[in-house]
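Hi,

Here is the structure I said I would pass on to you.

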Amino acid sequence: MLFSVGSFFTLCKSGDDACILSSAKTSLPIFAKGIPELGVKSLDPMYIPLIVSDESGLKLKFKNSTLTGLSGCVVDNFKHDHIKKKQLLKITCDVSLTGDYEVQGKVLILPVEGNGKYKIDIRGITVKCNFNLNEFENSGVTHWKIDDDWSETYKFKVRDGAVFHFENLFNGNKILGDPVLELLNSSWKDVMEDISPPIIKAIIGQEVEAVNTLYSAVPADDFLLK
C-alpha cells in the first residue's frame with residue numbers, strides 16, 4: 001500500500017477509548033474534505049442528485065442539491081468495539097443545503113406548491129448512528145465494511161433551529177407564498193420532523209459510502225496500533 005492511514009489519522013490501540021475519541025475529533029475535518037490518495041471523495045461540499053419526501057400530505061422533491069458544513073461538525077462521541085465489530089458515532093453539525101425543489105401538498109395547516117431554488121440552513125443537528133462492521137478478504141487481507149442496517153437505527157434531532165428559503169412559491173405570488181415561509185420558519189421544529197428524515201438518510205448514506213471506500217483501501221489491522 002502506497003499510503004499509510006497513519007499519515008492522515010492518529011492511530012490508537014484497541015480499547016483505548018480516549019485516544020479513539022480524540023482521533024475521531026481531529027480526523028473528521030480531514031476526512032470530510034476527502035482523501036484522494038485513498039479514493040475517498042470530498043463530503044464538504046457533498047452533491048446529492050435527488051431526495052424525495054412524501055410525508056404527512058406533503059410531496060417534496062429536492063434535485064441537484066449541495067450540502068456544505070460537514071467539515072465543521074463536532075464529534076460528540078465515537079466508540080469502536082474491536083471484538084464485537086461495532087462502532088458508535090454521535091456528531092453535531094451546522095449545515096446548509098441548496099438546490100432545486102418541487103413541492104405540492106400541505107405544510108402543517110397551509111396548502112403549498114411551487115418549484116425553483118431553495119436553501120435550508122440547519123443549526124445544531126445531532127446525529128447518532130450505530131454501525132455493524134462486516135469483514136471481507138481481499139488478496140488475503142481482511143477489510144471492514146459497514147453493514148446497511150444502520151439505516152434502520154439512526155437517530156437525529158435538530159436542536160438550535162432551521163431557516164427555510166424557497167423561491168417562487170405559488171409561481172411567485174407573495175400574497176400566498178410569504179405566509180407559508182413565515183409558518184415554515186416559525187414552526188421549524190415540526191417542519192423538520194416532517195421533511196428531514198429522507199434528507200438525513202441521504203446524507204448519512206453518502207458518508208457511509210465514503211467510509212466504506214476508506215475501509216476497502218486500507219486493511220482493518222492498519223487502523224489500530226498493535
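This is a predicted model: local features need pLDDT of at least 70, side-chain atom pairs count only at pLDDT 80 or more; totals for chains, interfaces and linings use all residues.

**Helix 1**

Let's start with helix 1, which covers residues 17-32. Its 16 residues should span 22 Å at 1.5 Å a residue, and the end C-alpha atoms are 22 Å apart, which agrees.

Which residues of helix 1 are buried? They are Cys19, Ile20, Ser23, Ala24, Ser27, Leu28, Phe31 and Ala32. The buried residues of helix 1 pack against strand 1 (12-13), strand 4 (74-81), strand 5 and helix 3. Just after helix 1 you come to glycine 34, whose phi is positive at about 95°.

**Helix 3**

Helix 3 runs over residues 188-217. With 30 residues at 1.5 Å each it should span 44 Å, and its end C-alpha atoms are 41 Å apart, which agrees. This helix has a bend too, of about 60° at serine 196, with proline 197 following within four residues.

**The hairpin**

Next, have a look at strand 2 (46-55) and strand 3 (58-68). These two run antiparallel and are joined by nine bridges. One of the facing pairs is aspartate 54 with lysine 59, the lysine being in strand 3. The two strands make a hairpin with two residues between them, and serine 56 in the turn has a positive phi of about 55°.

**The core**

As a bit of background, nonpolar side chains in soluble globular proteins tend to be buried together. Here the largest nonpolar core has 69 residues. Which of them touch the most other members? Those are Phe31, Phe62, Leu70, Phe164, Phe166 and Leu169. Helix 3 gives the most to this core, with 13 residues.

Phe31 is also on the list of buried residues in helix 1.

**Aromatic rings**

The structure holds nine aromatic pairs. In one of them, tyrosine 118 and phenylalanine 166, the ring centres are 6.1 Å apart and the planes lie at 20°, so the pair is stacked. Tyrosine 118 sits in strand 6 and phenylalanine 166 in strand 8, so this pair ties together parts that are 48 residues apart in sequence. Both tyrosine 118 and phenylalanine 166 are buried.

Another pair is tyrosine 154 with phenylalanine 156: the centres are 6.5 Å apart and the planes at 15°, so these rings are stacked as well. Is tyrosine 154 buried or exposed? Its relative accessibility is 15%, so tyrosine 154 counts as buried. Phenylalanine 156, on the other hand, is partly exposed, with a relative accessible area of 26%.

There is also an aromatic cluster, formed by Phe62, Tyr101, Tyr118, Phe164 and Phe166.

**Loops worth a look**

Between helix 1 and strand 2 there is a loop that contains proline 45. The peptide bond joining aspartate 44 to proline 45 is cis, with omega about 10°.

Leucine 108 is in the loop between strand 5 (86-107) and strand 6 (110-138). It isn't a glycine, yet its phi is positive, near 55°. Leucine 108 is partly exposed, at a relative accessible area of 33%.

Asparagine 171, in the loop between strand 8 (155-166) and helix 2 (174-186), also has a positive phi of about 55° without being a glycine. With a relative accessible area of 62%, asparagine 171 is exposed.

Finally, aspartate 149 is in the loop between strand 7 (141-146) and strand 8. Its relative accessibility is 29%, so aspartate 149 counts as partly exposed. The C-alpha atoms of aspartate 149 and asparagine 132 are separated by 7.6 Å, while the two residues are 17 residues apart along the chain.

Cheers

Terms used. Residues are numbered from 1 along each chain as its sequence is written. Side-chain values use heavy atoms; hydrogens and water are left out. Buried means under 20% relative accessible area, exposed over 50%, partly exposed in between (1.4 Å probe, protein chains only). A nonpolar core is a set of buried Ala, Val, Leu, Ile, Met, Phe, Trp, Tyr and Cys residues joined through side-chain atoms within 4.5 Å. Rings of Phe, Tyr and Trp (its six-membered ring) pair if their centres lie within 6.5 Å; planes under 30 degrees apart count as stacked, over 60 as edge-to-face and the rest as tilted. The expected span of a helix is 1.5 Å times one less than its number of residues. The bend at a residue is the angle between axes fitted to the seven residues ending there and the seven starting there. Two strands pair if DSSP finds at least two bridges between them. Contact means heavy atoms within 4.5 Å.
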